[in-house]
Amino acid sequence: MYTKKLLMKMCAAMLVVVAAMAPLGISRVAALTGENALSTQARAAILLDYNTGTVIYESNELNRQPIASMVKIMTLLLAFEEADAGRLDYDAEISISENASGMGGSQAFLDAGSNYKVNELLQSIVVASANDSCVAIAEHLAGSVESFVDRMNARASELGMENTKFVNCTGLPAEGQYCCARDVATMARELFSHEKFFEYSGVWMYDFAHPSGRTTRLTNTNKLIRAYDGCDGGKTGFTNEAMSCLAATAKRGNTRLISVVVGAADSKKRNAEICKLFNYGFANYETKELVKAGEKIETPVSVGGGKADSVDGIYAGSYFVFDKKNAASEYKISVMTDEVKAPVAEGDVIGKAIVTRGDEQVGEIDIISSASIEKKGYIDIVDDFISKW
């Protein structure tokens with residue numbers, strides 16, 4: 001059993017591994033593209049691996065166009081990031097302004113002047129794309145929708161979303177607001193890193209309770225959570241200008257894919273396009289766990305001047321590769337360690353595991369100490385001498 005201290009270090013190291021293998025944004029790897037096998041009837045589309053950001057397929061991915069309620073992906077992302085930073089309490093109550101309650105389109109039908117919990121508002125956005133709840137969250141976090149939109153654009157810039165400009169937080173038609181399929185995938189990938197999102201996204205239907213006692217029946221706009229095996233989240237969108245849009249994610253085994261369709265003729269065709277992309281991805285690609293966090297390396301690491309001569313090294317984090325099926329055998333793991341000097345603290349880095357594919361290094365994982373080894377004292381040295389006499 002690992003101590004709490006070591007587990008915390010392993011988790012921190014795992015985050016480093018994930019960050020190293022999944023940099024901000026997404027990357028196109030030409031060797032993995034499925035262009036010859038796929039096509040789309042939508043204005044634009046993209047299919048990629050969640051963990052590594054590897055793009056399998058894309059079409060018109062940089063075209064600037066309206067994306068309807070997929071704008072709410074950024075609204076939700078900022079809210080979850082504020083919560084993670086401790087600046088937004090899910091149980092906090094928000095007083096609803098006249099501006100928020102008066103929003104058109106998809107709504108939770110909030111009562112102006114009433115108080116609703118942040119948790120309730122976020123769930124209504126994820127499940128039912130509630131515009132009024134978006135505005136309430138925006139006003140609470142930034143003081144005004146305009147200030148919140150500034151934050152949205154700043155975060156988009158940080159994420160490298162070069163073909164995006166937000167004008168509102170809802171996706172309702174607005175002059176000068178645009179995005180592209182690749183940028184949608186980028187912000188969706190960030191959003192899907194928040195487990196809290198998935199607490200909401202799998203809800204099919206529920207009664208939204210208002211302080212007045214009335215209820216509003218809300219139904220999930222993403223029908224694929226029931227219709228497609230492995231789909232557990234997404235964000236839909238529709239306006240006459242944007243047509244039918246969806247950014248969805250599905251997971252099977254270790255593989256999680258993200259599929260984005262912008263500008264399909266209707267929701268039926270949109271869902272069919274998303275499913276076609278997912279089907280191709282799951283049929284032809286897979287995520288393999290080459291190294292599991294906490295596994296021991298084969299040979300203990302020598303410790304000089306310690307009360308023990310060696311210590312077990314363990315992998316600090318898991319390492320995944322995403323590639324065509326049956327390609328995992330092409331990857332090799334090489335463990336590199338040197339003799340370490342005591343004292344050694346549990347969780348100290350004592351080596352590296354290098355991941356290669358052919359002659360190319362594609363990643364590395366820290367090897368950490370599974371235990372603490374104290375430095376020998378005078379009495380220990382004397383005892384060693386006597387024992388060898």
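The following legends describe close-up views of a predicted model.

**Figure 1. Stacked aromatic pair of Phe80 and Tyr200.** The structure holds 9 aromatic pairs. In the pair of Phe80 and Tyr200, the ring centres are 6.3 Å apart and the planes lie at 20°, so the arrangement counts as stacked. A stacked pair is one whose planes are under 30 degrees apart. Phe80 belongs to helix α2 (residues 72-84) and Tyr200 to helix α8 (residues 195-201), so their contact ties together parts that are 120 residues apart in sequence. Phe80 counts as buried because its relative accessibility is 1%. Tyr200 likewise counts as buried, with a relative accessibility of 2%.

**Figure 2. Stacked aromatic pair of Tyr285 and Phe322.** The rings of Tyr285 and Phe322 form a stacked pair, with 5.6 Å from centre to centre and 20° between the planes. Tyr285 is found in strand β11 (residues 285-291) and Phe322 in strand β15 (residues 319-324), so the pair ties together parts that are 37 residues apart in sequence. Both residues, Tyr285 and Phe322, are buried.

**Figure 3. Aromatic cluster of Phe192, Phe197 and Phe198.** These three phenylalanine residues, Phe192, Phe197 and Phe198, are linked into a cluster by ring pairs.

**Figure 4. Lysine residues over aromatic rings.** Two views are presented. In one, Lys196 lies over the face of Tyr90, at 4.6 Å from the ring centre. In the other, the ring of Trp204 has the charged end of Lys223 over it, 5.0 Å from the ring centre.

**Figure 5. Burial of strand β2.** Strand β2 spans residues 44-49 and is mostly covered, with 6 of its 6 residues buried. In a regular strand, side chains alternate between the two faces of the sheet. Both faces of β2 are covered: one side carries Ala44, Ile46 and Leu48, the other carries Ala45, Leu47 and Asp49, and all of these residues are buried.

**Figure 6. Strand partners of β2.** Strand β2 pairs with strand β10 (residues 255-264) in the antiparallel sense, over 6 bridges. Within β10, Ile258 is the bridge partner of Leu48. Strand β2 also pairs with strand β3 (residues 54-59) in the antiparallel sense, here over 4 bridges. Within β3, Tyr57 is the bridge partner of Leu47.

**Figure 7. Hairpin of β2 and β3.** The hairpin formed by β2 and β3 has 4 residues between the strands. In this hairpin, Gly53 takes a positive phi near 80°.

Definitions and conventions. Residues numbered from 1 in each chain as written. Predicted model: local features only at pLDDT ≥ 70, side-chain atom pairs only at ≥ 80, totals over all residues. Heavy atoms only, no water. Phe/Tyr/Trp six-rings, centres within 6.5 Å; stacked < 30°, edge-to-face > 60°. Helix = DSSP H or I, 4+ residues; strand = E, 2+ residues; numbered from the N terminus. Buried < 20%, exposed > 50% of the residue type's maximum accessible area, 1.4 Å probe, protein only. Lys NZ or Arg CZ within 6 Å of the ring centre and 35° of its normal. Pairing = 2+ DSSP bridges.
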